[in-house]
Amino acid sequence: MSDRLMTPALSPSPQPSPSKGGENRVRKATPFHRGIVLPAALACGAFLLLYARSLIGPVVYYDDFQILAQSWTWEHARAGLWVPQNEHAMPLGRLLCFALEYLAGRLPLLPFVTCLVGPLALLVGLLLAYVFVRREMGHPFYALLVLVLFGVTTVYHQAVWWFAASFAILALDTMLLGLLAAQRWRQTGRAIYLDLTVLACLLAPGWFAIGVLAGPLCFLYLLPRGSREDFWCSTRHWSFLPLLGTALFLAVSLPRTAETIMHLGHYGEETAVQAFRPLVGLEYTARSIVDNLVLGVVGVAGVALPVWCIALVLSVVVAWGVWWWRQATDRRLMLLGLGLIGSSYLLVYSARSGWAYSQMTEPNFSRYHLLPHLGLVLFFCGGLPGRAGRWFVLN
């Protein structure tokens, strides 16, 4: 690649900030504003208070025993580097487990060490999401709102307190690093940032299977918003490369893990491919958007509404979403949010099509809502500039 890859569709441009008179003024983007530090710290403190119980009384639970035992010594960790945990090929997770066990030193201290992984990983994710939205939207208000709405919630609480599920947050952190690199490539055209995007997309699945979405989501983010000619111009200039990062991970991991993953016990007599039913996944996705995302925003969890109620609420949600999309001034962040919701739910629920939907509305499956909840927050905040001057005024 050349040192700079520039196209009209991807050339760097300052982010406009809407004003009351409809005038666009260019702001100098800085990651943090002095007035944001205190409310951001308070939001992080509120997030930690939500999980204070798990931090005070940590436990090792269910799959944790298998994961930790697999990395108990360096020999175990190295031998089990490509041994799947259920559907997850997690070489980076194996190495992290060995490091945690080495740091803990003694077995009684291990729960106190492992219980920190989820909260610390999410704090890192909140910081990365803040910087990404701040750069994308050109004002700290939107980034702070994303930090609060994404961090101060219990919608995906299992991913935070359960060590085995916290690897999903580490995959999300790596995905956000990829998005930050892709963002800088859009803004500067420097090839090094595209290389870093590909690297992040290669590494994200090494934590948790959901990381395979990093490549498609980075590609979705880089899609140009102009004409068909802009699209083909961008594909000639490497915006599809994040997909190759994901493909490279699969090319390395599948020969080592496919046989085990294909014949897991919870698929019964079927293989993983036979058990993957996208139509069932689509149905479960529609239901989960209402039962878990919409109701989760108002603090309701573990509910499986009847189908007629789902259809009614979902029609209202879709109508609002179309209106919110149409009034937005820039839809790139909103498109990314929709991608996070749809791709994550469809992947998870299609693979779990043999399970009853009511089973997956239980709190024990709240880890499935991590990426979709971030997607909902990005979709909402991405449309806020269209309301600037009507709902609020930014200085």
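Contact here means heavy atoms within 4.5 Å. Keep that in mind for the exercises below, and remember that this is a predicted model.

**Exercise 1. Place Ile67 in the fold and work out which residues it touches.**

Step 1: start with the local element. Ile67 sits in helix 3, which spans residues 63–70.

Step 2: check its accessibility. The relative accessible area of Ile67 is 2%, and the cut-off for buried is under 20%, so Ile67 is buried.

Step 3: collect the partners, skipping residues up to four places away in sequence. That leaves Gln85, Met90, Arg94, Cys97, Phe163, Ala164 and Phe167 as the residues Ile67 touches.

Step 4: Phe163 lies 96 residues from Ile67 along the chain, yet their C-alpha atoms are 9.4 Å apart.

Step 5: zoom out to the whole protein chain. Of the contacts between residues at least 6 apart in sequence, 77% link residues at least 24 apart. Buried residues account for 49% of the chain's 395 residues, and its secondary structure amounts to 19 helices and two strands.

**Exercise 2. Describe how helix 10 and helix 12 cross, and say what kinds of residues make the contact.**

Step 1: know what to look for. Two packed helices are described by the angle between their axes and the distance between the axes.

Step 2: read off both values. The axes of helix 10 (residues 163–188) and helix 12 (residues 214–222) come within 10 Å, crossing at roughly 25 degrees.

Step 3: classify the angle. Angles under 35 degrees count as roughly parallel, so helix 10 and helix 12 are roughly parallel to each other. Their crossing is right-handed.

Step 4: list who does the touching. Helix 10 brings Met175, Gly178, Leu179, Ala182, Gln183, Trp185 and Arg186, while helix 12 brings Ala214, Leu217, Cys218, Tyr221 and Leu222.

Step 5: sort them by type. The contact residues split into nine nonpolar, two polar and one charged.

How values were computed:
Residues are numbered from 1 along each chain as its sequence is written. This is a predicted model: local features need pLDDT of at least 70, side-chain atom pairs count only at pLDDT 80 or more; totals for chains, interfaces and linings use all residues. Side-chain values use heavy atoms; hydrogens and water are left out. Axes are lines fitted to C-alpha atoms, for helices over the stretch in contact, and angles run from 0 to 180 degrees between N-to-C directions. Helices (H or I, at least four residues) and strands (E, at least two) are DSSP runs, numbered from the N terminus. Angles under 35 degrees count as roughly parallel, over 145 as roughly antiparallel, 65 to 115 as roughly perpendicular and the rest as oblique. A crossing is left-handed if the near helix is turned anticlockwise from the far one by less than a right angle, and right-handed if clockwise. Ala, Val, Leu, Ile, Met, Phe, Trp, Tyr, Cys and Pro count as nonpolar, Asp, Glu, Lys and Arg as charged, and the others, Gly among them, as polar. Buried means under 20% relative accessible area, exposed over 50%, partly exposed in between (1.4 Å probe, protein chains only).
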